[in-house]
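Let's read a protein model together, one feature at a time. Keep the picture open and follow along.

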Amino acid sequence: MMVRQIEPYIDVNAALGGIDGPMLTTTFHTTPAISTYLVAFVISDFVYISEEYRGVLQRIFTPPHVADKGRRALKNAVRALSKFEDYFGIDYVLPKLDHIILKRSPAAMENWGLITYVGDALMHWDDVGSSKMQFDVIVQNHEIAHQWFGNLVSPEWWSYAWLNEGFATYFSYVVTDLLYPDYKIMDYFLIYVADDAYSTIGIRPMTYYLENSSEIRKVFDSITYHRAACVIKMFHHAFNQKTFVRGISQYLRKYQYSVANELNLIDELQAAIATDVTFSQAVWSKNSVRDIMLSWTHSSAIPIVSISRDYEYNTITIKQRSKDQSSLEYWWIPLNFASASAPDFQRTTVDYFMPPVPEVTLSASELGIELRIDDWLIVNKQQTGFYHVLYNDANLWLIAKQLHDNHTVIHPLNRAAIFQDLGYRIRNNNLQSVDVIFKLLSYLQHEKELVLWVQVADTILYLCSTLYGTSSRQMYTKFVRQLVKPMFTEIFEKPVQQNLTNTEVFAREKIMEIACWVDLPECLTYTHNVVRDRLVDGEARRNQKKYYGNSDFSDTLLLCLGMRYLHDGEFNAMLNTLSNGDRDTHPWYDDLIYALRCTQNQTYLQQYLNFLLGENSTKSIMDDNESMMYLVYMLRSNRAAHTVVWQFLEHNYQVLCRKDCFLRIFNRIAEYVPRSYLEQFKYLRQKIALQPKKVDENEFLIDVDSPSIGRRVEKSEIFVQKFNNQVYEWLQKHYVEDGINTVANIKQVFPLLNYGRLVLEMIRNKSKVSALCFATLAIFVASLTLAEATIGYLPPDLEEKSSARIAEKEAGIDYNARAVDNYRLPNNTVPIHYNIELTTNVHNGTTSFSGKVQIILTATEDTRTIVLHARQLTGFIATIQNGTLANAAAYNMTVSYETDREFLSLTPTNTAITLYKNTTWTLTITYTGNLRTDRAGFHILSYTDAQNRLHYMATTQFESTNARHAFPCYDEPAMRATFGVTIRHDPSYSALSNMPKNETASSTGVTVFQRTNITIPTYLVAFHVSDYAYTEGSLHELPHRLYSKPQNVSDHQFGLVSGILILQSLADYYNVSFALPQMAQVAVPGKGGAMENWGLVTYGEQYLLFNKTTSTTSTQLSIANIIAHEFTHQWFGNHVAVRWWTYLWLKEGFATLFSYQAVDEVYPEWDVYQTMHTSDYQSALSNDGIGTVVPMTHYAQTPAEISARYGTSSYAKPACVLHMWQHALGDKVFRAGLNKYLTDNAFNSTEEWQLFEALQSAANEHRLSLPASINVMFPTWSQQSGYPLLTVTRDYTANKFTVQQTAFNDNSTVNSGRTYYVPFNYASRSEPDFRNTTATNYLLNVKEINITDATVGATDWLILNKQSSGYYRINYDERNWQLIAEGLVERPQAIHPRNRAQLLYDAYKFVSTYRLPHNILLKLLTYLPGEDQYAPWSAANAIINNYNAYLSGDADYDDFKYFIKSLVNNTYELLGVNDVHAEPLLRKYTRNIVVNVACLVGVENCLTDSNNKLKALISKNVAIEPNVRSQAYCNGLRHSSDTEYNHFLNELFSSSDATYRNYLLRGLGCSQDSKQLERYVNSSIDQTKSLTSSERTTLLSTVYSRGSTGLLVSIEFLSNNFETYGNLSESTGAANPLSRDIVSMSNYVNNKSQEEKLLALVSKVKTSNKVQANLEVTVQTNMNVNFNWLNLNSKQVISFVKSYRSSARSALNASLLSVFVAVVMTLSRFF
Ligand SMILES: [Zn+2]
């Protein structure tokens, strides 16, 4: 720059005024040393206004016609410049500062002394909303701040651009706040600057080296501006604001007119800090400021700080990790603390610098915090620090409690921070439970702080969108409506004051958005009116001020919200406008297109899409790219549009493929694919891949397994999967209905269970808790009890809300009317004690009974109405008395009954009577009922004695919801109370109940029972009134009795003795005594199962009575199992009840597990775990693999839903999952955990987390270190259905292997994507120790793990999951399967029997789901000659029978039989056909299997030996042993002489022994002789033969299911006799045996000749009304399934068995089995 003239300032006017020849020359004064980028000049005809202050002239230059508009900007410039001078203590160094507004400038620029601005900045401050003005003030002050930061001191290089922009950004806010405190601009800093900074991570650090100009351009990003501002703000506060400013002033002074880097700045700060007495004690203050600050300026991410507290020692563990999960950065983090005892939120200097380590644990006093154990703790006061803080749940509960009690104690910015940080956890599914979150949210109805609403809004909206389509959605929206309504009313229904701040505008939009998203009627009406006026009636903009006076709203937001629910007329008008209007001239055309995407009506959405993109969209209103972007907008902003978009794509992909850019849009849309749609999506993608496309070079179709697919909805889906149940239950339990419950009510609702969790966390180790802690705890627990007593009832709302109903509302119908659908009692009164008196004359068959129940109850809130359950009871007369006054007056009650929910509501007729909170009352109800005949509730049964006389009895079955049939009660499992029972009955009868008889109070015909000394749930109450006899015994003074009808007394012994032993062994294992003074077991005729009534367990007779001569060992084992199951319930279910039926598995899972464990303790020689493996373990794995089973923890509400909970997912699966953890944790820990669970929760009720906490606590006590806590690991099993398939891949050269998990599904193309925390361990050929089953490794909810420290040799087999205790399946690479197969042959006993079984079961499952070839499975089977154990044979039996069913019609069936014979022969020879006295129990089980297999494939000895048993029976009357009867009759009759066959056929017609007839009925069908079978099947229609009608219609099935011969005989028989056979039953269609049998026969068809014959039969009968209409189709379908199987599989199997046979023939010519085994072993190496 040439300098000819020195002036005090750059004189632009001079440039305009003077003429130097044709041109004017303007010369400026020389500047101080400045950077080139700060030089500027402007040549224009602008005019200015000016003001001089403190010797600095400031001017605003504008075009002449708006000269006056800059007045306020000038004022601000003057005030701001002097404020900066004062703040930094450094004067502005130039004599003037100009501000010039350039219409087309790209951005404002801080040129020294000549700031340029964009567009209409600084103008029109008078007539635009003040939020625009505030924004301009920030911009102007930012540029003024640069006059110091950037201009006075410039950065050494662009690497330090943040030294300019970070400081300018931050201090523009600081100074604006000082100048205009009413703007509350620091709030805006949080929701605008900080919010943006938090969302930008992992890209680069603040200080970032760069070179070329394009890199330099990129450095001006949100990191340089916003993150740097946040970091500067953090240190401004942490280093003590004044000290910090002193440091930066010194820095500015020292480097003025020069350049500086970050170290220069830091060193000046260090110097300032060193002189600050506040920090004189702080170690870091001496020389650590460089380390501290560089850890922030050189890191790419930001930290997440987790705070967890140990309440026992009052220590705090602080962890840090990077928000970017792939980074290992650590920071020096300035922390400050507030607690309930010391809530000083104003002091924001650092209390403690966390060093850059992952974790520190310090006591509260070391951290300088005043903190009692029941104090809440808050870190990062006023959000001054730039990091997230996550708290442990217990601390959050304490915070929640504070918020509910008095939220103003906590600083508003910290209240806001809690929600912001929770939002991060929610979006990342980093939660243990949602309870605390909802508890926190629920206080929002009292919250009026705007920043907080802004910071919580995204979380509320996220949940709203995430819960879309789930069971929780309706309740959730109603819940939020209630939260937002007070705030909405406050803001929008008051006259608005002028000049809203930026924060106010922002918050109003967010509140509006929340309110409309949850359908708050006021919001919908408002936004809908805006839409109607604007878009339908065409009213001008800005008139929206008339509603709530808001002119600052974003148009697009208002219109979008207003579009949610439209009338048909409105929508059609809009669509019409779009179709016929002209985009260029119509004022709202673009608004319409953009806003319509927000409608919630799916039909409208579909029409809208058709308009935009459909085949018949005749008018091209936009270019293709723009139209298609709307698909993305819809997916992003409107959950209702998701399915519509997919459907639209499926219908229109051909048209769309012809458009530009479709693939690019499609790839983006793919990011929204939900898992449930994945398969269809892949199919759609495939179709698109095949379409001719308009493709530009850069377009490609997303990869079919791209990780992007679904990534934008993945986390939401996980949330729903993990937490929807919890959300549902929370809302269900705590929901407060709009407008009815008051603010006061929700304050009372502080859920006991979570206090309980907190207490648990606090009392982790009672024995070590100090006396002081105990005192505090005692107070805490006392307040807890109070909380329990005041739990209020909050009715949930399942109202279906649809757009149709919105329309109704607008037509004057109140859509807030509730359709009640809540089956839970209000429980605003709770029972303490019941006195029940029942009178029954059941002895003579009378079913009517009368009852009187007296309930002592307490009100938990003021109420006039008591609500109880009752079922099928009548004649209620009820009175109520004050429970505390002696001789209190009895008031009559009016009674009303609601059939559907079975609610009995009682209200005092005297309107003056109210049951005030915490008052106690005695309610008396008399009523009558009828004993039921369906074995439920209080019911009547009968039996016939030896003299053929009929005897009646009355007994009970109350679980789940039938106690209410015997007496009105609070029939929910958590409503425990004590009981006194009196029963009046005929003196010839006796009565039983849970407690022993009270001898003194009883009299003839009146049995009074002792009152229970403990509380019990209603469903466990029981009575039994009969003329039964009993036997008794006792152990440790606990009397045991076993009751049955008198003629069965001799069958008592086994049940009685087993019961005594089992009860004691359970009490010993749990180390918790049985709680009642008696145990009675009762055998009830015809009962289908057993019931664990406390102290009075009832069983079906066959489950309790054991006859030494006629009963089988399997009956014996089942009796022991069932006793153990019911007795386990005495603890799991009775001692500790389930909180609700959701957690049914907490009792049934344990009962199922201990039905084995307790029997194993008492009868160890039985080895019952093998039977667990073949029954519950296999049935759980099979059922759970189908993909339709619900998780263990699953909500149920109505009685019908509750009874559906009684299935595998509540019994077998939880037993297996518990068993897995028992082994993984080790029995010592498991047992200690159960003891803790039972002790801590005694006589209470639980949810699953109490179990997890107890197990965790036991693990801690035993110093068992776990890779994750149990309440994180276990829910992946309890709250997710299914289980993992582990796939093991070995690296044979490096001794390594990989374990991968995928969710198992029978359909191998389906993957739910679920992962689990999988404990496992392994054994190998060289280390075959299967005994220690604790987990040595874990797959931690990740897909894959590498095991590198294994010592598995290359030729070793490797087997995971020792003893098969883990609940999962395992597939191996083929080579390992080969090694296992060889190992099994070589030394089967080296592998645990349950592993041998599981290898077979798994391989079989993998073969049948096409995951493994048949030869692997068949080869595994070749070790069977060395197998004598039950579980493996049970697996083999299933496999062989399955193969046999398919292959028995094959031409090469003989080869198959040969193969199986060679497998079974050895074990058959070992076991034979005869029952052996005193042999191991499972040997008998194994024999039955082996005999069946051997005879099935024609092992000669088997057939002969079996037949000989029948011969001996006929000729010598040698009885067949009970244990082998079934096998002996069937196999003995396979190839018997006609004499024998006819003998037993006649026995069938003449015997009166039903059991014997049953054996015969099944055995006779086993014959393989056509003539015999013909005689047999003909007898079914021969009315001269003595057969029952059910025998006539079942015997055919015993024939056709036993192979080709029987099948052909049956087809032939029906062809000749179908009319007669069909007439055996009155029923028609599918219910007729003719139809049923033909369909069933089709399942056994496995070759063409059978098919032809069956089809011929079908065509004969298909027109008959005795068969189903679609018979032909059904039959053909069934047969096709078989033929498909054969096509796909038979070749593989046949080829294996053929080559097996030929190798054996050539290589083996000896009959010695040892040689045979050796050869098989050698051979197997060549497969
Ligand atoms: Zn049970």
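This is a predicted model: local features need pLDDT of at least 70, side-chain atom pairs count only at pLDDT 80 or more; totals for chains, interfaces and linings use all residues.

Q: Which way does β29 run beside strand β28, parallel or antiparallel?
A: To read a pairing, follow the bridges. Strand β28 (residues 1029-1035) and β29 are antiparallel and joined by seven bridges. For one example, find A1029, which stands opposite S1044 in β29. Two residues lie between the strands of this hairpin, and H1036 there has a positive phi near 45°.

Q: In what sense do β29 and strand β30 pair?
A: Here the sense is parallel, over four bridges, and β30 spans residues 1079-1084. Look for Y1043, whose bridge partner in β30 is V1082.

Q: How do I read a pair of aromatic rings?
A: Such a pair is described by the distance of the centres and the angle of the planes. In this structure, a search of the whole finds 94 aromatic pairs. Take Y198 and F386: the ring centres are 4.9 Å apart and the planes are at 40°, so the pair is tilted.

Q: Where do Y198 and F386 lie?
A: Y198 sits in helix α5 (residues 185-199), while F386 sits in the loop between β13 (377-379) and β14 (388-391), so the pair ties together parts that are 188 residues apart in sequence. Both Y198 and F386 are buried.

Q: What kind of pair do F1054 and F1106 form?
A: F1054 and F1106 form a tilted pair, with 5.4 Å from centre to centre and 50° between the planes. F1054 belongs to helix α33 and F1106 to the loop between β32 (1096-1100) and α34, so this pair ties together parts that are 52 residues apart in sequence.

Q: Why does F1054 count as buried?
A: Check the cut-off: buried means under 20% relative accessible area. F1054 has 12% relative accessibility, so it counts as buried. F1106 also counts as buried, at 12% relative accessibility.

Q: Is R54 buried or partly exposed?
A: R54 is partly exposed, with a relative accessible area of 43%. You will find R54 in the loop between β1 (47-53) and β2 (56-62). Look at its backbone too: R54 has a positive phi of about 50° although it is not a glycine.

Q: What is phi of Q383 near?
A: Phi of Q383 is near 55°, a positive value in a residue other than glycine. Q383 is in the loop between β13 and β14, and it is buried, with a relative accessible area of 6%.

Q: Which residues does a cis peptide bond join?
A: Read omega for this one: the cis peptide bond joins E959 and S960, with omega about 0°. S960 is in the loop between β23 (950-957) and α32 (963-966).

Q: What is the volume of the second largest pocket?
A: The second largest pocket has a volume of about 1200 Å³. Its lining has 50 residues, and N1441, N1492, L1496, R1534 and R1602 lie nearest the centre. Helix α48 gives the most to this lining, with eight residues. By class, the lining of the second largest pocket has 18 nonpolar, 26 polar and six charged residues.

Conventions. Residues are numbered from 1 along each chain as its sequence is written. Side-chain values use heavy atoms; hydrogens and water are left out. On a 1 Å grid over the protein atoms alone, a cavity is a set of points where a 1.4 Å probe fits but cannot get out, and a pocket is an open set with protein on both sides within 12 Å along at least five of seven lines; lining residues have an atom within 4 Å of a point. Grid points are joined across faces, edges and corners, and a volume is the space filled by probe spheres set on the points. Ala, Val, Leu, Ile, Met, Phe, Trp, Tyr, Cys and Pro count as nonpolar, Asp, Glu, Lys and Arg as charged, and the others, Gly among them, as polar. Two strands pair if DSSP finds at least two bridges between them. Rings of Phe, Tyr and Trp (its six-membered ring) pair if their centres lie within 6.5 Å; planes under 30 degrees apart count as stacked, over 60 as edge-to-face and the rest as tilted. Buried means under 20% relative accessible area, exposed over 50%, partly exposed in between (1.4 Å probe, protein chains only).
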